[in-house]
Amino acid sequence: GLNFIDLMVRQGNIDNPPKTPLIPGFECSGIVETLGDSVKGFEIGDRVMAFVNYNAWAEVVCTPVEFVYKIPDDMSFSEAAAFPMNFVTAYMMLFEVANLREGMSVLVHSAGGGVGQAVAQLCSTIPNVTVFGTASSFKHEAIKNSVTHLFDRNADYVQEVKRISTDGVDIVLDCLCGENTGKGLSLLKPLGTYILYGSSNMVTGETKSFFSFAKSWWQVEKVNPIKLYEENKVIAGFSLLNLLFKQNGGGLIKGVMDKLLNLYNTKKIKPVVDSLWALEEVKEAMQRIHDRGNIGKLILDVEKAPTPLVS
């Protein structure tokens with residue numbers, strides 16, 4: 001699976017980036033080739049998907065058993081590589097952090113991306129949830145049925161949301177950061193939850209730009225705890241990779257994956273795969289995410305031959 005965090009790793013826009021050379025990638029699917037001596041519950045030949053702490057973009061991957069899950073029989077390998085990061089992130093934010101319930105409203109940015117589409121599908125499993133989404137206008141036709149209200153990502157979505165829901169929304173899921181932090185907080189109803197789970201606005205050009213990073217940082221509204229107290233608002237952050245690999249969250253995530261696979265098996269959710277790319281095409285695949293051209297998930301397929309360039 002190819003995720004926006006991989007672009008941030010490439011540019012060094014993360015805390016403590018690993019030393020080069022490194023193999024990027026945090027999720028994959030494949031077939032078990034060999035097992036550790038004490039591994040139970042898996043056999044050689046099993047179809048599995050897994051979280052990996054880097055090194056996922058490789059032909060052979062090694063990861064602890066707690067991060068590995070069996071693939072349902074009717075799920076393809078490309079769907080399985082698109083499943084863990086997006087759906088676990090969406091589920092944890094909606095149900096573990098924000099406590100989504102019947103009749104609530106959610107604002108999600110990048111509604112056409114992998115997490116955005118997972119959020120929309122999970123919201124549809126709860127009655128009467130209103131989903132406000134922002135996305136590039138060329139994606140609207142393709143994703144209009146997945147959300148309740150769709151806005152252009154460059155429009156004044158704050159006014160658009162308030163026009164429809166005068167008192168705001170219950171949950172804001174922000175992967176943009178920058179000036180959107182203040183906008184998201186301003187839209188929260190009392191007892192509403194704002195969750196930051198990414199900062200894609202800090203990735204602008206081909207390389208890391210200190211000025212774009214600094215501009216995005218200075219646009220973040222400085223949060224005053226007294227104001228949160230007076231307005232009854234909740235502000236939270238969510239990093240799946242830190243939870244998994246730094247904070248011993250593997251057991252918790254396993255329980256979430258069990259619930260998600262049950263939803264998949266009952267046909268309530270289904271990963272959206274945008275496109276498949278050969279490993280040699282990773283530069284072009286990353287550019288597609290960078291340009292926000294994808295609807296759903298991009299997958300690197302180690303068995304795919306590169307597509308010849310047409311002049």
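Me: In which helix does M92 lie?

Reply: Helices (H or I, at least four residues) and strands (E, at least two) are DSSP runs, numbered from the N terminus. M92 is found in helix α3. Please note that this is a predicted model, in which local features need pLDDT of at least 70, side-chain atom pairs count only at pLDDT 80 or more, and totals for chains, interfaces and linings use all residues. Residues are numbered from 1 along each chain as its sequence is written, and side-chain values use heavy atoms, with hydrogens and water left out.

Me: Is M92 buried or exposed?

Reply: Buried means under 20% relative accessible area, exposed over 50%, and partly exposed in between, with a 1.4 Å probe and protein chains only. M92 has a relative accessible area of 3%, so it is buried.

Me: With which residues is M92 in contact, leaving aside its neighbours within four places in sequence?

Reply: Contact means heavy atoms within 4.5 Å. On that basis M92 touches V97, F238, L243, L252, I253 and V256.

Me: How is the protein chain divided into domains?

Reply: Domain bounds come from an automatic or database domain assignment. Here domain 1 comprises 4-83 + 246-300, and domain 2 comprises 98-242. Their centres, taken over C-alpha atoms, are separated by 24 Å.

Me: What is the volume of the largest cavity?

Reply: On a 1 Å grid over the protein atoms alone, a cavity is a set of points where a 1.4 Å probe fits but cannot get out; lining residues have an atom within 4 Å of a point. Grid points are joined across faces, edges and corners, and a volume is the space filled by probe spheres set on the points. The structure has one cavity of 30 Å³ or more, and the volume of the largest cavity is about 40 Å³.

Me: Which residues line the largest cavity, and where does it lie?

Reply: Its lining consists of A82, N86, F87, G114, Q117, A118, P271, V272, G296 and K297. Because domain 1 and domain 2 both give residues to the lining, the largest cavity lies between them.

Key
1 Å grid on protein atoms, 1.4 Å probe; cavity = no way out; pocket = protein on both sides within 12 Å on 5 of 7 lines; lining within 4 Å.
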